[in-house]
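Welcome, and please have your viewer ready.

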Amino acid sequence: MFRFFCWVLLAVLPATSQVGSVAIYTQFQHQPAKAVLNAIQTEASSLMSPAGLHLTWKSLPSTGSEVSSAIAVVSFQGRCSAAVLPPQPGLELRLGWSHVSDGAVLPFAGIDCDTILGFVGRRLNTMPSAGRDEVFGKAIGRVLAHEFDHMFAESAEHGARDMDRPEYSADELLSPSLNRGPFNTHILRPASGVPAQPTILASAGAAAFAKSGCAACHGAHGEGTRHGPLLRTPGRLLNSVMLATRLARAEQKMYKRAIAMKLPAPSIEETEIADVVLFLNQQNF
Ligand SMILES: [Zn+2]
C-alpha cells in the first residue's frame, strides 16, 4: 500500500455556465505511445462522467507559454511508457499532485509517470506484453482522475469512492476495473432530450432544488440541517463544476442517509445544476 501525496491549494475555478465539457490541456515531457494515451484519457473520462463532467482533451506543446482559457492543465513527467525498465521506487511515492493556486486562473495537476511505473512495474511485467500499454495507461488515468477530483471539488479531503481513496495498491491500479461501490445509480442524471440552456433564474434553481429532494436534508435554502451540511461556504461562490464534483463525492453517503430516513433517493438533472448554483450563490449565509 502507499499513500498519494497531494498538495491542494485553494483557488477559484472559472465559473462555467453549466456542467458539461471541461477542457483538459495535457503536456508531456515525453510523448507516450498512442495506446497509453488513449487508455489514460478513456479511464479518466469514464471516472469523471458520474460527476456530469465531459472531458475534452487538448494538447500543449512540450515547451510552451501559458494558456489562459483552459480549465485544467496536466503535465506528465517522465516516460509514460510501459516499455522502459521501471526505476526503483523511492520512499515517498508521489504519483500525482494538484495545485490550484489562489491568484492564478489555472488549476494545474502533475502526474509522475516514472514513479507510477516504479510502483506498478513489477506486477506489470508479469502481464502479457501485448496489453501492457493499455493497462499502464489506465493506471495513470486513475491517478489523474484522483487529482481531478481534488481540483474540481476544491478539497484536499479523501473519501471511500473508487477515485478519492487515500491509498491504493498496485493491484488496484492495474485491475481491469475499480470497484464501483454499492450504488450503481447517480444523483446527477444526464440531461434528457435536447440540452437546455440554463435558465439562469434563481427561482428556477429554487424549484429544481426543492423538486430534487435536496431541501429535506440541506434545508430550503441550502443552509444545512442536522441531516446534511450547508452547501456553500459563507463568503465564497460555488460554480457548476465544483457543485457537481462535490455531489458525486458525497452521493453514496446521501443515498444511505436517504434510505435510513425513508426518503426518496435524491436526483437532479445536469441542466439544473447551473440554476441551483445561482440559487445557492444568492443566499445570505
Ligand atoms: Zn489525494
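In which sense do β2 and strand β3 pair, and over how many bridges? Keep in mind that this is a predicted model, then select residues 21–30 for β2 and residues 54–59 for β3: the two strands pair in the parallel sense, over 6 bridges. For a landmark along this pairing, pick A23, which stands opposite T56 in β3.

Now colour β2 by accessibility: 7 of its 10 residues are buried, so to speak mostly covered.

Now for the cysteines. Searching the whole structure turns up 1 disulfide. Select C80 and C113 to see it, with sulfur atoms 1.9 Å apart. The torsion about their S-S bond is about 75 degrees, so the disulfide is right-handed. It links distant parts of the chain: C80 sits in the loop between β4 and β5 (96–100), while C113 belongs to helix α2 (residues 113–124), 33 residues apart. Both C80 and C113 are buried.

For the last stop, select C214 and C217. C214 is in no disulfide, and the nearest cysteine sulfur, that of C217, lies 9.0 Å away. C214 is buried, as its relative accessible area is 16%. C217 is in no disulfide either, and with a relative accessible area of 12% C217 is buried.

Note on methods: Residues numbered from 1 in each chain as written. Predicted model: local features only at pLDDT ≥ 70, side-chain atom pairs only at ≥ 80, totals over all residues. Heavy atoms only, no water. Buried < 20%, exposed > 50% of the residue type's maximum accessible area, 1.4 Å probe, protein only. Helix = DSSP H or I, 4+ residues; strand = E, 2+ residues; numbered from the N terminus. Pairing = 2+ DSSP bridges. Disulfide = S-S within 2.5 Å.
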